[in-house]
Amino acid sequence: MSTTAEPIARLIEAFSRLPGIGPKSAQRLAYYVLQSSDVEVEELAESLLCLKNSLVLCSRCFNVADKDPCSICSDPQRDKTVVCVVEKPSDIPPMERTSQFNGLYHVLHGVVSPNKGIGPDDLKIRELLPRLRDGEVKEVILATNPTVEGEATAMYIRQLVTPMGVKATKLARGLPYGSDLEYADDITLGQAINSRQGF
Ligand code: ZN
């Protein structure tokens, strides 16, 4: 039998399921929450609930947003001729932080992965094509992660978009193979966007 009171054990268990949180960090976080004020705990709980209840997927780019279309898609200052295709919503903030990209995005919500039974139709790939049909988009940057699955997904999309007269580019090398855009540093990612190559 565990000597930890059940509500604390439950919170430790929940925290330890988060990425990058080991059992020790989970325990530290749980006890931190326990000694926080009621107001702080309510705010935390409220923000967690709000996250799921008040967010929508943008019907154009499929980013998570608080309105549809999202603030990027509806911003008249953004360059509508370039669309950057990323694997997941959390890849967008690092791209934005570089200040090197002012176009639009398209979030795939995954990569093609035959091993896991994920095919192109399980992703938002088909939804990209209507966005390219009116001729306004001139370039699609395939910014999937530098992994086997990410590159295979980029190749697949390239085959679809080039016959439509849209130039396909990819991020320059410099991002370590097997890495994740989400954790790339701003300078490396900024350079990778600026020196992107045709592909
Ligand atoms: Zn959007």
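**Figure 1. Asp121 and its salt-bridge partner Arg126**. Asp121 is exposed, with a relative accessible area of 58%; here buried means under 20% relative accessible area, exposed over 50%, and partly exposed in between (1.4 Å probe, protein chains only). Arg126 is likewise classed as exposed, at 55% relative accessibility. The two residues form a salt bridge in which the closest N and O atoms are 3.7 Å apart; the term denotes a side-chain nitrogen of Lys or Arg within 4 Å of a carboxyl oxygen of Asp or Glu. Side chains of opposite charge can pair when their charged atoms come close. The model is predicted: local features need pLDDT of at least 70 and side-chain atom pairs count only at pLDDT 80 or more, while totals for chains, interfaces and linings use all residues. Residues are numbered from 1 along each chain as its sequence is written, and side-chain values use heavy atoms, with hydrogens and water left out.

**Figure 2. Further salt bridges of the structure**. The whole structure contains eight salt bridges. In one of them, Arg17 pairs with Glu13, their closest N and O atoms being 3.6 Å apart. Arg17 is exposed, at 61% relative accessible area, whereas Glu13 is partly exposed, at 42%. Arg78 and Glu96 form another salt bridge, with 2.9 Å between the closest N and O atoms. This pair links distant parts of the chain, 18 residues apart: Arg78 belongs to the loop between strand 2 and strand 3, and Glu96 to helix 4. Helices (H or I, at least four residues) and strands (E, at least two) are DSSP runs, numbered from the N terminus. Arg78 counts as buried, at 10% relative accessibility, and Glu96 as partly exposed, at 28%. A network of salt bridges links Lys88, Asp91, Asp180 and Glu182.

**Figure 3. Arg97 and the loop residue Ser99**. Arg97 lies in helix 4 and is partly exposed, with a relative accessible area of 48%. Its side chain makes a polar contact of 3.5 Å with that of Asp186. A polar contact is a pair of N or O atoms within 3.5 Å; within protein, one must be able to donate a hydrogen and the other to accept it, and residues adjacent in sequence count only if both atoms are side-chain atoms. Ser99 is placed in the loop between helix 4 (92-97) and strand 4 (104-107). Its phi is near 60°, a positive value in a residue other than glycine. Ser99 is exposed, at 61% relative accessible area.

Figure 4. At 33% relative accessibility, His109 is partly exposed. Pro69 is part of the loop between strand 2 and strand 3 (82-86).

**Figure 5. Cysteines Cys73 and Cys84**. Zero disulfides are found in the whole structure, a disulfide being a pair of cysteine sulfur atoms within 2.5 Å. The sulfur of Cys84 is too far from any other for a bond, because the closest cysteine sulfur, in Cys61, is 11 Å away. Cys84 is buried, at 0% relative accessibility, and Cys73 is buried as well, at 5%.
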